[in-house]
Amino acid sequence: MKYLLMIYGNKEKWSSLPPEELQEVIAKQDAFNTRYRESGELLGAYGLGDADEAKLVRRVNGQAAVTDGPYLETKEYMASFYLLDVPDEARALEIAADMPSADQDPVELWPVPHEAPQS
C-alpha cells in the first residue's frame, strides 16, 4: 500500500534557523531518507520551492490561465512530500512518527489507493 507523507513549513521558520542548526536539520532528514530508501519503503522524497514560486493553472476558453499561487492564504504551506510503499497503515504511521520534525510539527499521512497504470 502506498502512503503520502506531507510536511508543512514556512519561509519565516526556515530563514530564522541559525546556519549550524539548519545543517543539523538537513543531516537528520538525509539520515531518515537514507534509512527508508535502503529499506525499500521510501519511493521518493521531494522538497518544494517556496510558496511565492507556486503557480495556479486553469483553463479558460481552452487556454492556460496562469496566476501566482498558492491557492490558500496561510503562512504554512506544503514544503515537502514523501511517497511510501509499505505493507499497511501501521507501518506508515511508524515511519511518519520517525520523521525528524514530527516532535515539532505534525506530519500528514494520506493513503494513496489509486495509481495510474504505467504503459
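**View A. Ser80 and its neighbours.** In this predicted model, Ser80 makes contacts with Leu5, Met6 and Ile7, and also with Tyr46, Gly47 and Leu48, leaving aside residues up to four places away in sequence. Ser80 is part of strand β5. Its relative accessible area is 10%, so Ser80 counts as buried.

**View B. The largest nonpolar core.** Here we turn to a set of 14 residues, in which Leu5, Tyr82, Leu84 and Ile95 have the most contacts inside the core. Two or more residues come from each of β1 (2-9), α2 (19-38), β2 (42-47), β5 (77-85) and α3 (89-98). Zoom in on Leu84 and you will find it touching Met1, Lys2, Tyr3, Leu5, Glu41, Leu42, Leu43, Ala92 and Ile95, again without residues up to four places away in sequence.

**View C. A salt bridge from Glu115 to Lys2.** These two side chains meet at 2.9 Å, N to O. The pair joins distant parts of the chain, with Glu115 in the segment after β6 (107-112) and Lys2 in strand β1, 113 residues apart.

**View D. A salt bridge between two helices.** Asp98 and Arg35 pair through their side chains at 2.9 Å, N to O. Asp98 sits in helix α3 and Arg35 in helix α2, 63 residues apart. Asp98 is partly exposed at 31% relative accessibility, and Arg35 is partly exposed at 40%.

View E. The closest N and O atoms of Glu24 and Lys28 are 3.4 Å apart. Because they are four residues apart in helix α2, about one helical turn separates Glu24 and Lys28. Glu24 is partly exposed, with a relative accessible area of 46%.

Conventions: Residues numbered from 1 in each chain as written. Predicted model: local features only at pLDDT ≥ 70, side-chain atom pairs only at ≥ 80, totals over all residues. Heavy atoms only, no water. Core = buried A, V, L, I, M, F, W, Y, C linked by side-chain atoms within 4.5 Å. Buried < 20%, exposed > 50% of the residue type's maximum accessible area, 1.4 Å probe, protein only. Contact = heavy atoms within 4.5 Å. Salt bridge = Lys/Arg side-chain N within 4 Å of Asp/Glu carboxyl O.
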